[in-house]
Amino acid sequence: MSFKKSPFTFSLLCFGFAFLYIPIFLLMFYSFNYSKVVPVWGGFSVRWYVELFQSEEIWSAVGLSLQIAIMNATFATMLGALAGIAMARIKRFRGRTLFSGMISAPLVMPEVITGLSLLLLFITMAEIIGWPSRGITTITIAHITFSLAYVAVIVQSRLVGVDESLEEAALDLGAKPYRVLIDVTVPLLAPALAAGWLLAFTLSLDDLVIASFVSGPGANTLPMLIYSRVKLGLKPDVNALATIIILIVAIGVCVAGWILSRQEKQRMADMQMAEAEKYDFSDEPQSSR
Amino acid sequence: MRSRIQSKLQSAELWQAFIIAVPYIWLLIFFLIPFFIVLKISFAEYILASPPFSKLFRLADTGAMYMTLIFDNFVYLWEDDLYLNTYLNSLQISITSTILCLLVGYPIAYGIARATPTAKKILLLMVILPFWTSFLLRVYAWIGLLADQGTINNFLIWIGIIDEPIKMLYTDFAVYVGIVYTYLPFMILPLFASIEKLDMTLHEAAADLGSRPFTTFRTITIPLTMPGIIAGSLLVFIPATGEFVIPDLLGGGNVLMIGKVLYSEFNSNQDWPIASAVAVVLLILLVVPMMIYQKYQAKESSGE
Amino acid sequence: MQNGTDKLFVDQPWLDPEAEPFVKIQSLTKTFGSFTAVSSVDLEIYEGELFSLLGGSGCGKSTLLRMLAGFDPPTSGNIFIDGVDMAGVPPYQRPVNMMFQSYALFPHMTVEQNVAYGLKQDRVPKDKIAERVDQMLSIVELSQFAKRKPHQLSGGQRQRVALARALVKNPKVLLLDEPLGALDKRLREQTQFELMNIQERLGITFIVVTHDQEEAMTLSSRIAVMDQGRFSQIGTPTDIYEYPETRFVANFIGSANMFEGRVKENGADYVIVQGVGSDVSFYIDHSTAVRENTAVWVALRPEKITVSASAPEDSADYNFVEGVVDDIGYLGNFSIYKIRLDNGRIIEITHPNQTRPKHGRHLVEWEDKVYLSWAPHSPVLLTK
């Protein structure tokens, strides 16, 4: 069905995407507003960007958030990959139902519950074994816990689409199980692992509620900082910060999408070539007849 | 020879055990056990101490262990209208938002699923893109739109439809808008997945047998995309019920939602036992939808 | 004479009572929950055989193959390969290799890397690997494609890479799961012969799983027909086609007209069977242990029936029946005729079109009265 045939669908799509994007564009637009009062236009200016770059508070929050996000993404990808492989490839083991429940529950669990329960765990642990102290460690652990579920789901759904006989073939050719993982499973999962890492990274950069619960004194992540400013009303420098973050993410996602679609196109072209070539190398006795 | 072979086989099994055990143990410690701690504290008593709750287990002089379960917190939740109303209000807001999300999301998902392959990829990317950008900032963007001096009011006054700004920020309406806006991608993606799987010749067959477009939609499209509808609705409903940021920023003090109450009981009032009891009740409310979602998720990801 | 028997045994080791089987399967069973995929089967395969497991989907042939490869542990029973018990031996330590139905070529590796993979796992020196890979690629005629990735190959080329990869380690047994299943019909016919040539050249024992009876008949030294987890019959292609032992085999391999009947007379070198509900009776020139008056079946292949428009001169009491042409299917190289008997039953016969039908005329035409007859050695008496 093309859009020409269905103007109704087309206008609904336009409306939907306008709803999704207009707030973001307005947010970016007002970041260039000279006026201190956000919705009142006072002329074009980049003063809020300049102020932003001079704010030490923001830079330290960005640094902390990036540090947590990178550690989280790395560990969550490793743990999530193992969980996804276990779910996709090991059909039966004890406690599989509980395991799959613990993987899908964090995806929908209200953040306040996760945050509260993890904080109470950390406090209990600190009482018993004197570790961890609240701050960067606890935020990272909390983020890994919910990010690994996302990675596991991505890895699992990718692996379900991968022919299991590829791994069996490696075993059959004499590869030990751990070699199969390194030589076959991980390379085949590479796109899913990359996507999982990026998702875990952004989830961590984005989290406010859980970090607020488990953070300790002095550990202010970027969302926590933004939140405390937003609570005081509209702030043009927040608009500037938002613009930068959104642009970085948008460019990143678009570039990733473009690379993936180019690879896909190249692949399709290769496959067509191969099918066309088979007649040149007389796979078939057709030409001799 | 025999023992060598067996030790090799065991190493393969050990390897499998390793793959399962590492994430399993992590999730047990950091996901499952915390809930039991919450449950335990919800039966404790608020005391002025650090940590601010009474011990559940006490050693008597005789050496026996006593367990004191205090149901006061739950009784308090039940008797205080504030909590009951907040729970009901949260459910009402999340159910309404879920329905709104479905109404907005279905046509979009349908339009994307029926677009040309290239357009499909781009449109899908455009749906996912906001999901990757900061949730907090997307909520923040609506403050600027909905405020009394915000873009929408300014625009409506400018074109002369209204004279006085309409109060939108800090109302239920703002919360609906915020939830629909931020959770829309979660609704669209599962819907898209199930609409795309739909065989278009079924529509043609229905039309061929004399069914009008609306009847076809009601009797063919909706039933066959039900898995997507259920998954999308749960993905919106469950987290929205416990939502904190949206009611806090867009609802202000006027909108009561349970996530906000939990957050303030814990952080402002320091009443951990009550906060835990609030969390336990919320979890009980959500456990059935969560189990339905888990079933769907397991079925979906195992490729059935 | 002695010489003659020896030669017979070289070609057909299964006839030699003293030959040691190379692959030995003893009362092997595999159950999945309450479903029995393979039900206590015994099988002996000799060195250098090209052995086929033939059956419909879900008959247990793939499960049997996977147990040989070591992917599925048997529920009970034993597998010996070259005298070694395979119980508890993981797939990566078995002296067998497998060619997968989907080929399972590693998509992120080149043809060369795919073929080299198995040798690398055995820590073969690099120059040896290169040499061996070159050799294998030239056997399957893919040397110029060494640097390509699997998606840059056509279906037939991929199939040959899979073969080269499975053969490179010189396995004692090669397991092939529907090796030609993914190829189109014409390519399949050609590849069958290539596969046989390679097998003959390397002398490796092949075990092929297939659902395609033509493929099994062309390729194999022997075939095991499988049904519901058991072997219905094991034998050479000729045995299985000409002397089916069960009704399932007679119907599954080719087609057969099946008649229910009772043994009327059991002589020293002949049997007479009277058809039930029809006046067809059979004179069969091989004897059987069946007692008189037992219920039996007679299978008669469609191509073994002669059809003629006029009654044969020496009209006999047996192996003869009259009917009317009910339907004709012209297939080019031969035609199928469906003949309706007086009692309404349909007999199918095939007849080669040796001459071109003039003006679209067939051997016989619709509603013609025809006479069917067959030789005494054509019908097969079945008790199962």
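This is a dialogue on how to read the chains of a predicted model.

Trainee: Where should I start with chain A, and how many helices and strands does chain A have?

Mentor: Start with the secondary structure. Chain A has 11 helices and 0 strands. Read along the sequence, the pattern is α-α-α-α-α-α-α-α-α-α-α.

Trainee: Is chain A compact or spread out?

Mentor: Compare the radius of gyration with what the globule rule gives for a chain of that length. For the 289 residues of chain A the rule gives 19 Å, but the radius of gyration is 25 Å, well over that value, so chain A is more spread out than a compact globule. The box filled by its C-alpha atoms, taken along the principal axes, is roughly 85 × 60 × 35 Å.

Trainee: What share of chain A counts as buried?

Mentor: Of its 289 residues, 46% count as buried. Sequence separation is another thing to read. Take the contacts in chain A between residues at least 6 apart in sequence: 75% of these join residues at least 24 apart.

Trainee: How many residues of chain A are in contact with chain B?

Mentor: The size of an interface is often given as the accessible area lost when the parts come together. Here we have contact counts instead: 67 residues of chain A are in contact with 75 residues of chain B. Several helices of chain A give two or more residues to this side, among them helix 3 (56–89), helix 8 (177–206) and helix 11 (236–277). Helix 1 of chain A gives the most, with 11 residues.

Trainee: Which classes of residue make up the side of chain A that touches chain B?

Mentor: That side has 52 nonpolar, 13 polar and 2 charged residues.

Trainee: Now chain C. What does the domain assignment give for chain C?

Mentor: The assignment gives domain 1 (2–95 + 171–248) and domain 2 (256–382). Note that domain 1 is written as two stretches of sequence. The C-alpha centres of the two domains of chain C lie 34 Å apart. Between them, 4 residues of domain 1 of chain C are in contact with 5 residues of domain 2 of chain C. By class, the domain 1 side has 2 nonpolar, 1 polar and 1 charged residues.

Trainee: How do I read a sheet, and in what order do the strands of the open sheet in chain C stand?

Mentor: Strands of a sheet pair through backbone hydrogen bonds, either parallel or antiparallel. In chain C, 5 strands form an open sheet in the order 13-12-11-14-20, with antiparallel pairing. Strand 13 (281–284) and strand 20 (380–382) of chain C are at the edges with a single partner strand each, so one side of each has no neighbour in the sheet. On average, neighbouring strands of this sheet are turned by 40 degrees against each other, direction ignored.

Trainee: Which strand forms a hairpin with strand 11 of chain C?

Mentor: Strand 12 of chain C does, with 4 residues between the two strands. These strands run antiparallel and are joined by 5 bridges. In one of the pairs, C:Asn266 has C:Val271 as its bridge partner.

Trainee: How many bridges pair strand 11 of chain C with strand 14 of chain C?

Mentor: They pair over 6 bridges, in the antiparallel sense. Look for C:Arg262, which stands opposite C:Ala295 in strand 14 of chain C.

Notes: Residues are numbered from 1 along each chain as its sequence is written. Chains are lettered from A and ligands numbered from 1 in the order in which they are written. This is a predicted model: local features need pLDDT of at least 70, side-chain atom pairs count only at pLDDT 80 or more; totals for chains, interfaces and linings use all residues. Two residues are in contact if their C-beta atoms, placed from the backbone, lie within 7 Å. Ala, Val, Leu, Ile, Met, Phe, Trp, Tyr, Cys and Pro count as nonpolar, Asp, Glu, Lys and Arg as charged, and the others, Gly among them, as polar. The radius of gyration is taken over C-alpha atoms; the globule rule is 2.2 Å times the number of residues to the power 0.38. A residue is buried if 20 or more other C-beta atoms lie within 10 Å of its own, exposed if 12 or fewer, and partly exposed in between; C-beta atoms are placed from the backbone. Two strands pair if DSSP finds at least two bridges between them. Domain bounds come from an automatic or database domain assignment. Axes are lines fitted to C-alpha atoms, for helices over the stretch in contact, and angles run from 0 to 180 degrees between N-to-C directions.
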